[in-house]
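Biologist: I have not seen this structure before. Please take me through one part of it.

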Amino acid sequence: MSLVLGTGACGPSEGVSRKQPESTPKPAKANPAACAVNAKLVPACGVWWGIAPEVFTGRPPQRALARAERRMGRRADVVHLYHRGAELFPTSQERRIARDPGGRRILLVNWKPSFDHTWAQIADGALDDRIDRLAEHITATFPERFFLTVHHEPENDVRQSPGSGMTAEDYAAMFRHVVLRLRRDGVRNAVTVMTYMGAPNWGANPWFERLYPGDDVVDWVAMDPYADERVQTFGDLVDRTREEFARWPGTYRWMNAHLPGKPVMVAEWGAFERPGDPAFKERFFATARRQLRDYPRIRALVYFDSPHAPRGDTRFDTTPGALHAFSGLARDPGLRAPAVPQQ
C-alpha cells in the first residue's frame, strides 16, 4: 500500500467482543542445524511471521506492537516500520523492539529517502550527505541484521516521460545508488528488499521489468497485495491475474520466472472489511493457512494491521471468527521459523 504514514484520530475499538486466541501450541522440536538462518536472513524452515502493528493509530511502536501481539496471540518475528526523508533509523525505541529480552525480532525498515528529489537526482548524488549520516548512525548504534526496502511500491510513482527523473530506469538507478553508498559507508547488515505492489494493472506495464535494480543489490523480493472485492483466497492475493491484463501471469509466478534465486516476502498484506460479508476475513485467513504451503518461496509474511488504512479497515480481529482464523495461522506449528538470530 503506497502510504505516507501519519497519526490517526482513533485506534481500534476497545468494545468489540472478540474470541480470545487459544493457548499457543508448542511447535515440534526441530533440528537446529536444519533450521538455521543464513546471512541473508532466509530461514531454512518455516516462515517469518511479521506485522506492521496498529498503523495510523498514533500509538508509539512499542505500545502498538505489544497490543498487536496480545491480540494475535504470539510474538512477531518481523516488525515493519516506516521512515522517510532525513529520519535516522533504527530509533532507540525500534532498537529496543529488536533486542527485547523476551525474544529478538527482525526490523523491516521501509525508507523513502525523499519526497522533494527525483529518483534521478538521488542516483546522481543529491542526497549523499543524508545517506552518509544514516550510515554513520546505523554503524554506530545497530550491528544487527535488518531488512531494508528503499522506496517501496514504486509503480504508481513512475513517470516515463523523458526527463521526468522518475522513470523505471531512474528508480533502479536510485535503488542501486542508495544501497551501494550505504555499503561503501560500512553498512553491511542491511538485507535489501525490492518491494513491488503486486497488482496486475502495474505488472502489465511495458516498463515494469525495468524497475529491478539488479541481483547484486537485491537480497529478497517482496509484494504488497491487498484483498479487494475480487480476491477470495490467499492464492488469489499473491498470484492475482485479470482478464483485462492478459499478459500478467500473477506476482508469485512472475517472481518464479524472472527472479528464481530470490526469497519472496509478502511485506504488506491485508483484508479489508466487507460490510455485506462480515465473515469474509474469517474465510480468507483460513485459506491462507491452507494455501501458504503451496507457495514455498514465500519465506516471510508481514501483515498490515490498521483501522484506518486508505481503502478500509485491515484489522485482523474485527470479528471473533476473523481473530480465530488469523491467530490459528499465526500460531501454526508447521510455519514456525527458527529463533531470530542475535546478529
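Biologist: Which residue of β9 is the bridge partner of Trp48?

Modeller: The model is predicted, so local features need pLDDT of at least 70 and side-chain atom pairs 80 or more, while totals for chains, interfaces and linings use all residues. Residues are numbered from 1 along each chain as its sequence is written, and side-chain values use heavy atoms, without hydrogens or water. Strands β1 (residues 48-52) and β9 (residues 298-304) run parallel, joined by five bridges; strands are DSSP E runs of at least two residues, helices H or I runs of at least four, numbered from the N terminus. In β9, Trp48 is partnered by Ala300.

Biologist: In β2, which residue is the bridge partner of Gly50?

Modeller: Strand β2 (residues 78-84) pairs with β1 in the parallel sense over two bridges; pairing takes at least two DSSP bridges. Within β2, the partner of Gly50 is Val78.

Biologist: Through which helix does the chain cross from β1 to β2?

Modeller: This β-α-β crossover is right-handed, meaning clockwise from first strand over helix to second, with the strands pointing away from the viewer. The helix on the path spans residues 61-72 and is α1.

Biologist: How many residues of β1 are buried?

Modeller: In a regular strand, side chains alternate between the two faces of the sheet. One side of β1 has Trp48, Gly50 and Ala52, the other Trp49 and Ile51, and all are buried (under 20% relative accessible area, 1.4 Å probe, protein chains only). β1 is therefore largely enclosed by the rest of the structure, its buried count being five of the five.

Note on methods. Buried means under 20% relative accessible area, exposed over 50%, partly exposed in between (1.4 Å probe, protein chains only).
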